[in-house]
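This briefing is meant for a reader who has not seen this structure before. Please look through the sequence and the model first, then go on to the notes below.

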Amino acid sequence: MAEATTEKPRSPIESGTPDPFPHLHPTLRRNFGLWRYHDRPQPGVLHHVAETGEEVWTVRVGTQRQMDLATVRKLCDIADAYADGYMRFTIRATAEITVDDEGKVQPLIDALREAGFPVGGTGPAVKMISHTQGWLHCDIPATDASGVVKALMDELYDEFTQENMPNKVHITTSCCQINCGGQGDIAVNIQHTKPPKIQHDLVGDQCERPSVVARCPVAAIRPAMVNGKPSLEVDESKCVACGACYPPCPPMQINDPEHSRLAIWVGGSHSNARSAPSFHKMVVAGLPNNPPRWPEVAEHVKQILYAYRDNARDYERVGEWIDRIGWKRFFELTGLPFTKHHIENWEGSRYKLNTSAHLRF
Ligand code: SF4
Ligand code: SF4
């Protein structure tokens with residue numbers, strides 16, 4: 001018989017955002033909330049001056065985003081050898097290395113460039129491009145968002161290392177059109193163009209059919225018996241090819257090498273720092289999902305980016321520029337074709353959306 005134990009049961013470990021203070025550079029820690037001003041002595045370098053007179057310089061470094069252990073170690077070795085060993089990653093996977101001596105800045109930059117890392121991403125520049133999880137962590141992507149990002153970053157390398165834009169530019173990519181993609185000044189998102197193809201022999205074994213029916217925003221899915229087995233059917237005249245039925249039911253196969261295409265959206269912003277957050281709007285549809293370099297995507301992103309660079313006023317974000325000049329002028333300046341597919345006149349929306357439990361009007 002097991003002996004009675006007097007040990008207390010193990011308490012759950014409280015998780016959440018870790019306390020950042022033990023990891024901050026000591027100068028940042030001492031001067032928290034005491035900053036007098038900051039400036040940018042050169043692209044990629046932030047300089048902060050505290051009320052106490054102490055100063056820090058932060059060098060911002062681009063990475064390939066999906067980082068292997070060897071790359072992380074290489075960055076850490078440089079931070080140890082040329083700085084004070086204090087490095088952090090931003091939410092856009094940019095590394096920031098902090099020093100408290102101006103004399104350490106240039107040797108650090110030289111070492112980073114020598115190792116192949118670009119220094120930049122500060123001020124009015126194209127920031128590191130963000131992407132959703134893709135095939136690394138997700139089961140439903142229709143493209144390799146991280147591959148699109150890597151190809152785009154190679155094309156826009158100089159726009160990261162220089163500050164040539166009217167304001168900062170956030171570019172994002174998303175590998176499906178319903179889930180974790182964010183709003184961006186310029187966003188590259190998957191766009192399905194055909195209803196799902198149903199693998200009827202698998203539905204009964206793999207899918208909880210009421211959940212799948214409930215997922216459809218336009219109530220296009222119905223339970224059905226096919227070849228004597230429980231399955232589903234889609235009213236294709238209603239389907240808007242959103243892909244929402246695919247995650248709960250993989251046999252609702254919507255990913256397709258030809259019909260899952262890429263669209264470009266502009267003018268989105270999460271932040272409400274200077275103006276209200278805004279949704280981005282689609283301006284280019286139906287680009288081919290064309291690995292490994294996605295040249296059509298890069299060409300259109302550059303077309304939009306350089307029209308913005310050449311025509312927006314200082315400090316205007318992409319969405320603010322479009323709000324000022326209007327969509328007609330945006331299409332003229334970018335040279336993008338304006339087609340009937342850009343117009344949503346909500347024709348038939350009352351009928352379609354009122355059939356769904358999600359939205360009624
Ligand atoms: S955007 Fe969609 S496919 Fe890509 S990681 Fe997020 S949920 Fe998965
Ligand atoms: S969930 Fe989306 S893709 Fe699936 S049937 Fe409904 S509208 Fe079509």
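Predicted model: local features only at pLDDT ≥ 70, side-chain atom pairs only at ≥ 80, totals over all residues.

Which element gives the most to the lining of the second largest pocket? Helix 9 does, with 4 residues.

- The volume of the second largest pocket is about 980 Å³.
- Its lining is made up of 46 residues, and those closest to the centre of the pocket are His170, Ser269, His270, Ser271 and Arg317.
- Four elements are listed as giving two or more residues to this lining: strand 4 (87–89), strand 6 (130–131), strand 7 (171–174) and helix 9 (318–325).
- By class, the lining of the second largest pocket holds 11 nonpolar, 23 polar and 12 charged residues.

**Ligand 1**

- Around ligand 1 are Thr132, Gln133, Gly134, Cys138, Ile140, Pro141, Ser174, Cys175, Cys176, Asn179 and Cys180.
- This shell divides into 6 nonpolar and 5 polar residues, with no charged ones.

- Ligand 2 is surrounded by 14 residues, of which Cys216, Cys239, Cys242, Gly243 and Cys245 are the closest.
- In the shell around ligand 2, 13 residues are nonpolar, 1 is polar and none is charged.
- The largest cavity is the space that ligand 2 takes.
- That largest cavity has a volume of about 80 Å³.
- Its lining consists of 13 residues, and nearest its centre lie Pro196, Cys216, Cys239, Cys242 and Cys245.
- The lining of the largest cavity is divided into 12 nonpolar residues, 1 polar residue and no charged residues.
- Cys216, one of the residues closest to ligand 2, has a relative accessible area of 10% and is therefore buried.

**The second largest cavity**

- In the whole structure, a search finds 2 cavities of 30 Å³ or more.
- The second largest cavity holds about 40 Å³ of space.
- It is lined by Ile140, Cys176, Gln177, Ile178, His192, Cys242, Gly243, Tyr246, Pro247, Ile254 and Asn255.
- These lining residues fall into 7 nonpolar and 4 polar, with no charged residues.
- Ile140 and Cys176 from this lining are also among the residues around ligand 1.
- Cys242 and Gly243, likewise part of this lining, are among the residues closest to ligand 2.

**The disulfide**

- A disulfide is a covalent bond between the sulfur atoms of two cysteines.
- Searching the whole structure gives 1 disulfide.
- This bond joins Cys207 to Cys249, with a distance of 2.1 Å from S to S.
- The bond links distant parts of the chain, as Cys207 and Cys249 are 42 residues apart.
- Cys207 belongs to the loop between helix 6 (200–206) and helix 7 (209–215), while Cys249 belongs to the loop between strand 11 (229–234) and strand 12 (252–253).
- The disulfide of Cys207 and Cys249 is right-handed because the torsion about its S-S bond is about 75 degrees.
- Is each partner buried or exposed, given a cut-off of under 20% relative accessible area for buried? Cys207, at 10% relative accessibility, is buried, and Cys249, at 0%, is buried as well.

**Backbone features in loops**

- From Pro291 to Pro292 the peptide bond is cis, and omega is near 5 degrees.
- Pro292 lies in the loop between strand 14 (281–287) and helix 8 (295–311).
- Trp294 is also placed in the loop between strand 14 and helix 8.
- Although Trp294 is not a glycine, its phi is positive, at about 45 degrees.
- Trp294 has 4% relative accessibility, so it counts as buried.
- Asn227 is not a glycine either, and has a positive phi of about 50 degrees.
- The loop between strand 10 (221–226) and strand 11 is where Asn227 is found.
- With a relative accessible area of 76%, Asn227 is exposed.

**His259**

- His259 sits in the loop between strand 12 and strand 13 (260–266).
- Its relative accessible area is 24%, so His259 is partly exposed.
- From His259 to Ile178 the separation is 81 residues in sequence and 16 Å in space, C-alpha to C-alpha.
- Ile178 is one of the residues that line the second largest cavity.

Technical notes. Residues numbered from 1 in each chain as written. Chains lettered and ligands numbered in written order. Heavy atoms only, no water. 1 Å grid on protein atoms, 1.4 Å probe; cavity = no way out; pocket = protein on both sides within 12 Å on 5 of 7 lines; lining within 4 Å. Points joined across faces, edges and corners; volume = space filled by probe spheres on them. Nonpolar A, V, L, I, M, F, W, Y, C, P; charged D, E, K, R; others polar. Near = heavy atom within 4 Å. Sits in = over half its atoms within 2 Å of the grid points. Disulfide = S-S within 2.5 Å. Buried < 20%, exposed > 50% of the residue type's maximum accessible area, 1.4 Å probe, protein only.
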